[in-house]
Amino acid sequence: MKAQMSIDPALISLLGRKLYSSHPLQIIVRELLQNSVDACKNIHPYIRIEVQTKKICKPEEEFFTIITCTDSGCGMSEDVLINKFLCLGGTTKSDGETVGGFGIAKAAIMSGIWWSVHTHDLYVSSKMVMNGADVKKTNYIEGTIVKVVLKGYIYSSDISDMTQMIYGSDVNVHFILKCFHRYGSSINEYEDLYTGLTQRKTFLTSEMAWVGSGVEPIKTPFSTIEGKTFIRFKNLVQFIKSRTYGSERKINLIVDFDSLLSPDKRDFPFSMSRESISNPDINVEVIKWIEQQDSDYMTLEDKFENPEDPCSRIIPGKLLYGNLILAMAEKDPEYALESELSSGKIVFSSTPTIIDQTLSCPVIQLMDYEPSTEREAELDSKYLLMWGDILSLVTPTNIPFGIGLVGRKGVLGAHTENEGVHFLLISPIVWKNHEDKRGLVLKMWARAIHEVAHYFILVHNEKFTSTMGALFSMTCNTILANIAIILRRLS
Ligand SMILES: Nc1ncnc2c1ncn2[C@@H]1O[C@H](COP(=O)(O)OP(=O)(O)O)[C@@H](O)[C@H]1O
Ligand SMILES: [Mg+2]
């Protein structure tokens, strides 16, 4: 069969450049990775991406980038290679199971000055297509190797963007980077970087829905990525946004999309180049969510450093908000919640609130807390998140707060205030040797109510007791309805 295309390959490469606004390196790597992931769907996957920059000095200085993507996937028959891969718009994907489906990746791939595809025993290169030559028979390989060569100087920021694209995706890639050092001609080789981001949570969303989640900073060979928002489709990064100007958010955010729609459907969430969200309503919602994360974010670590209390430190994160709906007057130390409650002057929500456990990591204060082992710290952090869940059920909606651990002898809980933000701390003693987990939730609920009652009454007097009583009666149904969800933190 002739290796011919339905349109001029030069036109495709032109289109490839016009279609995308990001640097071709980033787009090509993204498209190759997507194709390999799709090809490895039903097979033990192996995907290897190698990016190498080269400088040629003679006859004149020129820079090249060679991208090689190897996979152990299903490979292509001659028919698929010619009629799908080499054909603009050609695709074998329509079931909503795959990441691809537009059939336009070749526009990016062919934007390189040279490319080749080796799949099973077939080989084709850009030169062969230009010359109208036959697809070549060659040695048999398991899957597919696609090689693309780009010409032109590559900035380290372009390499960094491409790296983030790989590292921000939930897929194992054997990633090899061989490139010039930023400031010299020496070559830095990063071999064997397996990007197994298994600690990442995957949210499968319903049709057209999206879910956001916070993640820890990602380490790459270049730098720590922070303050980024990874917009992903089926766990693969489509594009990356920076934090809102002026925000100091350090953690990264993930916005995951999944869709059973094929890309040609009107409601498909992404634009054709997948560098933006095409549905304006969803886009507005996503932007609103990111801005909210950015504005709520407390990173001013030193602002919270208490010189009088060097044993206390604050780990930046998101402020939590309570779920308890109270329509009431301003905070007043003389406020008797119970009498207001009985006189019907305040209202509260009696419907059980569902806890959103997908929220990013809350801001945490650690006071005299010294875990003896890593295992202990890990366990304590799970209980601490439970503490946050319980607090969110018993704290009024208008009060932002942070959580924390206090390790002082004889202290079971503490309430601190830093720059006007309340921190509700609990001692790990509360859960040490506590076998009955449901009972523990109730015990922590009682502690939470004690701390929350201090919003209203500072001292332990009669009014304080009655305020606690009011909070108990307001939240007992909610806590019972949420015990199972809260205990998920321990799994
Ligand atoms: N690495 C690969 N392994 C197997 N088949 C591939 C690979 N890359 C591309 N293909 C085939 O080529 C077709 C066109 O690829 P592409 O232009 O990326 O479009 P899409 O991924 O949107 O279908 C795919 O539908 C697939 O059948
Ligand atoms: Mg594709």
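Here are legends for a few close-up views of this predicted model.

Local features are given here for pLDDT of at least 70, side-chain atom pairs count only at pLDDT 80 or more, and totals for chains, interfaces and linings use all residues. Residues are numbered from 1 along each chain as its sequence is written, while chains are lettered from A and ligands numbered from 1 in the order in which they are written.

**View 1. The whole protein chain, to get your bearings.** The chain comes to 11 helices and 22 strands; these are DSSP runs numbered from the N terminus, with helices being H or I over at least four residues and strands being E over at least two. Of its 491 residues, 37% are buried, where buried takes 20 or more other C-beta atoms within 10 Å of the residue's own, exposed takes 12 or fewer, partly exposed is in between, and C-beta atoms are placed from the backbone. Look at contacts with a separation of 6 or more, and 70% of them link residues 24 or more positions apart; a contact puts two C-beta atoms, placed from the backbone, within 7 Å.

**View 2. The surroundings of ligand 1.** There are 24 residues around ligand 1, and the closest are Asn35, Ala39, Thr91, Gly100 and Ala105; to be near, a residue needs its C-beta atom, placed from the backbone, within 6 Å. Two or more residues each come from α2 (24-39), α3 (78-85) and α4 (105-109), and α2 gives the most, with 4 residues. Sorted by class, the shell has 8 nonpolar, 11 polar and 5 charged residues. Here Ala, Val, Leu, Ile, Met, Phe, Trp, Tyr, Cys and Pro count as nonpolar, Asp, Glu, Lys and Arg as charged, and the others, Gly among them, as polar.

**View 3. Strand β3 and its two partners.** Strand β3 (residues 114-119) pairs with β6 (residues 144-151) in the antiparallel sense over 6 bridges; pairing takes at least two DSSP bridges. On the β4 (residues 122-125) side, 4 bridges join the strands, again antiparallel. Take Ser116: its bridge partner in β6 is Lys147, and in β4 it is Ser125. The hairpin of β3 and β4 has 2 residues between the strands, and His120 takes a positive phi near 50° there.

View 4. Tyr123 has Lys136 as its bridge partner in β5.

**View 5. The largest nonpolar core.** This core holds 59 residues, and Ile28, Val29, Leu33, Ile49 and Leu81 touch the most other members. A nonpolar core is a set of buried Ala, Val, Leu, Ile, Met, Phe, Trp, Tyr and Cys residues joined through C-beta atoms within 7 Å. Helix α2 gives the most to this core, with 7 residues. Apart from it lies another core, of 41 residues, including Leu320 and Met367.

**View 6. The bend in helix α11.** Helix α11 (residues 462-487) bends by about 50° at Thr475, an angle taken between axes fitted to the seven residues ending there and the seven starting there. Thr475 is also one of the buried residues of α11, as are Met474 and Thr478.
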